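These are my notebook entries on one protein chain. I looked up the sheet first, then the core, the ring pairs and several single residues.

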Amino acid sequence: MAFVLDHVVDIDATPEVVWGVLTDFDNYEQWNPLAVQCKTSLVPGEPIDMMVRLGKGSLRRQREWVRTHTPGEEFSYTMKPVPGGTLRSLRSQTLTPLDGNRTRYAAHFEIRGWLQPVVTGLLGKALRQGFDGVAEGLKARAEA
């Protein structure tokens, strides 16, 4: 069983502009309501360190690990799996060029493992709102 959130948003900006916003980690607090701070090299195997706000709660540190990175197109990251299949996650973000200098942003998030129902029971609504906000914020920032 898994908790999955998928977003597909068409953005009225070129892939280069959208990629620039998506990878301008120093300015996440200006548009990203979920990961308000982010530091990463995007090198697979290296960390992605975030300060995450879920709902109205305080900021919490989140360290995950870059899984894939194709410059200008996509990157993904995952938490270190908890032993015994307890919990694992995957987050991917992909850009696809569209006609008319537009871009399709596709984002995928999933949590799996036997602890997943507990985590999503506690945080599911905040995760949904947070990832909705990322898609909306990216679109607004890239189109501005």
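The entries below follow the order in which I looked things up.

**Entry 1: the model and its sheet**

I note at the outset that this is a predicted model. I looked up how the strands are arranged and found 7 strands in an open sheet, in the order 1-7-6-5-4-3-2. The pairing is antiparallel. As a reminder to myself, strands of a sheet pair through backbone hydrogen bonds, either parallel or antiparallel.

Which strands stand at the edges? I found strand 1 and strand 2 there, each pairing on one side only. The twist from one strand to the next averages 20°.

I then examined one pairing in detail. Strand 5 and strand 6, the latter covering residues 88-98, are antiparallel to each other and share 4 bridges. In strand 6, Ser92 is the residue that stands opposite Ser76.

**Entry 2: the helices against the sheet**

I looked up which strands each helix lies across. For helix 1 these are strand 1, strand 4 (59-70), strand 5, strand 6 and strand 7. Helix 1 runs at about 150° to strand 6. Helix 2 lies across strand 1, strand 4, strand 6 and strand 7, and its direction makes an angle of about 10° with strand 1.

**Entry 3: the nonpolar core**

How many residues make up the largest nonpolar core? I found 38 residues. Those with the most contacts inside this core are Ile11, Leu22, Tyr28, Phe75, Tyr105, Leu127 and Leu138. Several elements supply at least two residues each, among them strand 1 (2-11), helix 1 (15-22), strand 7 (102-112) and helix 2 (116-143). Helix 2 gives the most, with 8 residues. I set beside this a general rule: in soluble globular proteins, nonpolar side chains tend to be buried together.

Leaving aside neighbours within four places in sequence, I found Tyr28 in contact with Val21, Leu22, Ala35, Val36, Cys38 and Phe75.

**Entry 4: aromatic pairs**

Trp19 and Phe75 are both buried.

How are the rings of Phe109 and Phe131 placed? Their centres are 4.6 Å apart and their planes are at 35°, so I recorded the pair as tilted. Here too distant parts of the chain are linked, with Phe109 in strand 7 and Phe131 in helix 2, 22 residues apart. Phe109 and Phe131 are both buried.

I also noted a cluster joined by ring pairs, which consists of Trp19, Phe25, Tyr28, Trp31, Phe75 and Tyr77.

Is Asn32 buried or exposed? Its relative accessible area is 5%, and buried means under 20%, so Asn32 is buried. Asn32 sits in the loop between helix 1 and strand 2, and its side chain reaches the backbone nitrogen of Ala35 at 2.9 Å.

Gly130 is in helix 2 and is buried, with a relative accessible area of 8%. Apart from neighbours within four places in sequence, Gly130 is in contact with Pro33 and Leu34.

Thr96, in strand 6, is partly exposed at a relative accessible area of 38%. With neighbours within four places in sequence set aside, Thr96 is in contact with Arg102, Thr103 and Arg104. I compared its position with that of Lys80: Thr96 and Lys80 are 16 residues apart in sequence and 28 Å apart in space, C-alpha to C-alpha.

**Entry 5: positive phi values**

Leu42 has a positive phi of about 65°, although it is not a glycine. I located Leu42 in the loop between strand 2 and strand 3, where it counts as buried at 6% relative accessibility.

Asn101 also has a positive phi, near 55°, and is a residue other than glycine. I located Asn101 in the loop between strand 6 and strand 7. Asn101 is exposed, with a relative accessible area of 57%.

Methods:
Residues are numbered from 1 along each chain as its sequence is written. This is a predicted model: local features need pLDDT of at least 70, side-chain atom pairs count only at pLDDT 80 or more; totals for chains, interfaces and linings use all residues. Side-chain values use heavy atoms; hydrogens and water are left out. A nonpolar core is a set of buried Ala, Val, Leu, Ile, Met, Phe, Trp, Tyr and Cys residues joined through side-chain atoms within 4.5 Å. Buried means under 20% relative accessible area, exposed over 50%, partly exposed in between (1.4 Å probe, protein chains only). Contact means heavy atoms within 4.5 Å. Rings of Phe, Tyr and Trp (its six-membered ring) pair if their centres lie within 6.5 Å; planes under 30 degrees apart count as stacked, over 60 as edge-to-face and the rest as tilted. A polar contact is a pair of N or O atoms within 3.5 Å; within protein, one must be able to donate a hydrogen and the other to accept it, and residues adjacent in sequence count only if both atoms are side-chain atoms. Two strands pair if DSSP finds at least two bridges between them. Axes are lines fitted to C-alpha atoms, for helices over the stretch in contact, and angles run from 0 to 180 degrees between N-to-C directions.
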